[in-house]
Amino acid sequence: MKEELQSRIRNLVEDLGIQWKPDTQGLLHPLNPNRKDNRPGSLVIWTDPGRIGAWKDYASNDQGDIFGMIQFWARPRPAGKMDVYWWALEWLGWDRGTVRTLAEDVEARERREREARAEASRQDALAAAKARALKGLWLGLPPIAGTPAEFYLREVRRLPLERLKHQPGALRWADHVEWTDPETGEVFEWRNVMCSAMTKGPELVALHRTWLKPDGSGPDPVRKANGRHKTMIGAAAGAAIRLSSGPSNLSPGAAAKRGVTGPLAIGEGIETSEAVAIARSDYRVWAAGSLSLMGLLEWPECASAVVLLRDNDWDKPEAVKAFERVEAHWRAMAKGRPVQVVAPPPGVDDFNSWAMGAAA
């Protein structure tokens, strides 16, 4: 029964009143129907072949499988496991007396496994095609020097980029480009975007996009109004925007091969992480793009220690718990290596704001 429910996951979640619109990582972000939940974010449902129907609310720590999802969302709410079982039977259109032979059950399971493997291969191929297309687009863009993106960082965010020994090569400027989605064939226009390479291992796998005014004097006001002036495209999980390579200026892979190690600082946003890169040239500095993505990175061999950059505007309980999970993730990987959490002074949102105040 579980496999049959998973094979019809889209219909199931829609019938449970959940909007079917997975993000680029295959996650659904519904509101929690069982507590006061004002906006999506802390609760996720997985739709990828390995975990179809699994869900977790990071704010309350509630979690479960696809049967738990039914019990959590179905209305009237099933009281117990048997109620969920009967609800699922009725939803599938199966009679309560329906019994399949062992051979039929094995055949059905093997068929579903073949279909799941085929779908996983298809998704991998699509992700690889998207990554290649994104890399090609990014390589065709100019560096930010002399562009509105540089003006934004220097003049609006007041980041003295000239103090960097090496300019951030991950950042490029798109005045006007067209992007064709390899999966759907849809063509999109990007205008006035700072495109930042998100790299996993040696490969560019996603882009972080900061949408700006044409002159770089601030974020695109329309997108900022709806909270979408910073977006990511591609498989961003496990990838980072590499802003500084530290004193060696070696890639993580090259540094590891040569035995060159040093501290790695990791922040959420480009601006706050860039402020740290300017202040600490002895650090390798990465931006994860979001708080949740900070907890999906792996400890690189070139890092002798990890410094987690904590913003002070993460004051909501969900954000506090999310950062606690990020810290726990890195401490679990440390194996005796130092992990330090640093934050700007109380009352200052982030390191970029702190640097701006110091420069005033």
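Trainee: How many aromatic pairs does a search of the whole structure find?
Mentor: Eight. Rings of Phe, Tyr and Trp (its six-membered ring) pair if their centres lie within 6.5 Å. One caution: this is a predicted model, where local features need pLDDT of at least 70 and side-chain atom pairs count only at pLDDT 80 or more, while totals for chains, interfaces and linings use all residues. Residues are numbered from 1 along each chain as its sequence is written, and side-chain values use heavy atoms, with hydrogens and water left out.

Trainee: Why is the pair of tyrosine 85 and tryptophan 86 called edge-to-face?
Mentor: Check the distance, then the angle. The ring centres are 5.1 Å apart and the planes stand at 70°. Planes under 30 degrees apart count as stacked, over 60 as edge-to-face and the rest as tilted. So this pair is edge-to-face.

Trainee: What makes tyrosine 85 partly exposed?
Mentor: Its relative accessible area is 35%. Buried means under 20%, exposed over 50%, and partly exposed in between (1.4 Å probe, protein chains only). Tryptophan 86, at 27%, is partly exposed as well.

Trainee: How do you know that a charge sits over the ring of tryptophan 190?
Mentor: The charged end of arginine 209 is 4.7 Å from the ring centre. The rule asks for NZ of Lys or CZ of Arg within 6 Å of the centre and within 35 degrees of the ring normal. Arginine 337 sits likewise over the ring of tryptophan 299, 4.1 Å from its centre.

Trainee: Which residues have the most contacts inside the largest nonpolar core?
Mentor: Trp190, Leu308 and Trp330, in a core of 67 residues. Such a core is a set of buried Ala, Val, Leu, Ile, Met, Phe, Trp, Tyr and Cys residues joined through side-chain atoms within 4.5 Å. Helix H11 (residues 317-334) gives the most to this core, seven residues. Helices (H or I, at least four residues) and strands (E, at least two) are DSSP runs, numbered from the N terminus.

Trainee: What is the strand order in the open sheet of five strands?
Mentor: E9-E11-E10-E12-E13, with mixed pairing.

Trainee: What makes E9 and E13 edge strands?
Mentor: Each pairs on one side only. Two strands pair if DSSP finds at least two bridges between them.

Trainee: How many bridges join strand E12 to E13?
Mentor: Four, and the two strands run parallel. Leucine 308 stands opposite valine 341 in E13.
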